[in-house]
Amino acid sequence: MTGARGPLRGSVTVAGDKSIGHRAIMAGALAAGTVTVRGPGGGEDNRRTLEALRALGVVIEERGPGELTIHGVGLDGLRAPAALLDCGNSGTSIRLLSGLLASRPFTSALSGDTSLNGRPMRRVADPLTRMGARIEGASGAKAGELYPPLRVTGPASGRLTGIDHTSKVASAQVKSAILLAGLGAEGPTRVREPGPSRDHTERMLAYLGAPIRVEGGLSELDPTGWDRRLEPRPLEVPGDISAAAFPLVAALVVEGSELTVREVGVNPTRTGLLDALAAMGADVVCGAERVACGEPVADLRARAGRLRAVTLGGELVVRAIDELPILAVAAAFADGVTTIRDAEELRVKESDRIATTTRELRRFGVEIEEREGGMVIHGGSARVRGPLRCESEGDHRIAMACAVAALAAAGEHSVDIADAGNIATSFPQFVAVMRALGAEVDWR
Ligand code: S3P
């Protein structure tokens, strides 16, 4: 992939929200009837979830781009898969499916690509084991940690026991795996977490009539007295703010740009990006707000201008966790020194994103220091002085962050981004969208 300068202008939509897409497919599969889903992203990660549910006996029709009809089988209707469930690059697929399958009275095997098979699973395996499931996995890089492939076996009775779980990390994947397991448990399941991780599972289950409540840092599902029916209501997936982040930041840092991304999910547990950019003095405006299936949606307009450095930490980092690489790019073009801290979780994403972001921004001449839980970024120094080659390590967000840095810094030079194919895991339309906005970006 190559990038070159040019003001970005226009109005676009982006891929459907990947997180909500996974949950829509899973909730649709467990519903007590037929569910239509409008707007799922079509990225590889969502496809892994879709294919896994097909392998578990759910009939899913694809009615053209961005439209699914899912014939829900009810909470107890999944059937034993004939083969291993391949989750590809998708942490959300493997962790949420583990929760979904933890109560089923059969064994499922789940695995992924090299990146996924190097990611920690004890954070879901331990609580699911406490609920009564048997979870086996592989050993790996860190002693005592558990890695895919996983084997998940539910109790013969098909009923787990609800637990009260306090998570060490603010992780929507952990929280959601436990809550999905809680759908097949006796008694209440409670999850407490140290920060506000995304709450799409809670909103979707509530929208479909499940007895779930959220209070502060607590999410509770109490099926006592419930008829165990998820209502087959139509679902809509808004645009992914984690995809929109790339054109939005590109508009801020490429001189003369002004663009709108329409129909983006702006759930407050996901809008750390917008709060960080506001603190940087960015011209980003939210309009046409509405609510779809319990999720707030809006159009976002961004205009190029000066940015100033900020310090990002605490709960904002949780609400911007996937946007930290692209925020680091924004910081590289801002006035002053930006600090990102409390972001240790970045080390166990699709790549070690503290290491990959630091290494890649250095190629652009950015002065940047790596910290255990973040980065210190000296703004204003990004420049490309000759043909450049970035290494994304197959991490979609690193590849897209490099592309945006290239658009703003490359000048006459071209930037190659190696191993960028995984952009298709979350935002297969990335290159087409950037080109529609006037960027010189292409596949090679
Ligand atoms: C996700 C949760 C986050 C996020 C990931 C998607 C989800 O991961 O980084 O891209 O859909 O629940 P963690 O739960 O590991 O923080």
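**Ground rules**

This is a predicted model, so I keep to its cut-offs: local features need pLDDT of at least 70 and side-chain atom pairs count only at pLDDT 80 or more, while totals for chains, interfaces and linings use all residues. Residues are numbered from 1 along each chain as its sequence is written, and side-chain values use heavy atoms, with hydrogens and water left out.

**Ligand shell**

I began with a plain question: which residues are around the ligand? I count a residue as near if one of its heavy atoms lies within 4 Å of the molecule. The list I got is Ser 19, Arg 23, Thr 92, Arg 95, Ala 170, Ser 171, Ala 172, Gln 173, Arg 198, Ile 321, Asp 322 and Lys 349.

Sorted by class, that shell has five charged, four polar and three nonpolar residues. The classes I used: Ala, Val, Leu, Ile, Met, Phe, Trp, Tyr, Cys and Pro are nonpolar, Asp, Glu, Lys and Arg are charged, and the others, Gly among them, are polar.

At least two shell residues come from each of helix H1 (18-30), helix H3 (91-101) and helix H5 (172-182). Helices here are DSSP runs of H or I with at least four residues, strands are E runs of at least two, and both are numbered from the N terminus.

**Ligand contacts**

Next I looked up polar contacts, meaning pairs of N or O atoms within 3.5 Å; within protein, one must be able to donate a hydrogen and the other to accept it, and residues adjacent in sequence count only if both atoms are side-chain atoms. Arg 23 puts a polar side-chain atom 2.6 Å from an oxygen atom of the ligand. Ser 171 has a side-chain N or O atom at 2.6 Å from a ligand oxygen. The ligand taken alone exposes 390 Å², and the protein buries 96% of that. Those areas come from the Shrake-Rupley method with a 1.4 Å probe; for residues, only the protein chains shown count as cover.

**Aromatic rings**

How many aromatic pairs does a search of the whole structure find? I got two. Rings of Phe, Tyr and Trp (its six-membered ring) pair if their centres lie within 6.5 Å, and planes under 30 degrees apart count as stacked, over 60 as edge-to-face, the rest as tilted.

Phe 246 and Phe 430 have ring centres 6.4 Å apart and planes at 85°, so I logged an edge-to-face pair. Phe 246 sits in helix H7 (residues 241-253) and Phe 430 in helix H13 (residues 430-436), 184 residues apart, so this pair links distant parts of the chain. Phe 427 and Phe 430 are edge-to-face too, with centres 5.6 Å apart and planes at 70°. Together the ring pairs make a cluster of Phe 246, Phe 427 and Phe 430.

Phe 246 is buried at 1%, Phe 430 is buried at 1%, and Phe 427 is buried at 0%.

**Covered spots**

Helix H10 (residues 324-332) has nine of its nine residues buried; among them are Leu 324, Ile 326 and Val 329.

I also stopped at Ser 167, in the loop between strand E10 (164-166) and H5. Ser 167 is buried at 8%, and its side chain reaches the backbone oxygen of Val 169 at 2.7 Å.

Thr 338, in strand E20, is buried at 1%. Thr 338 and Val 376 are 38 residues apart in sequence but 5.7 Å apart in space, C-alpha to C-alpha.

Most residues other than glycine have a negative phi, and most peptide bonds are trans. I noted these cases.

- Pro 148 and Pro 149 are joined by a cis peptide bond, with omega about 0°; Pro 149 is in strand E8 (residues 147-153).
- Glu 263 has a positive phi, near 60°; it is in strand E16 (residues 258-265) and is partly exposed at 36%.
- Asp 342 has a positive phi, near 65°; it lies in the loop between strand E20 (337-340) and helix H11 (353-363) and is partly exposed at 43%.

Key. Buried < 20%, exposed > 50% of the residue type's maximum accessible area, 1.4 Å probe, protein only.
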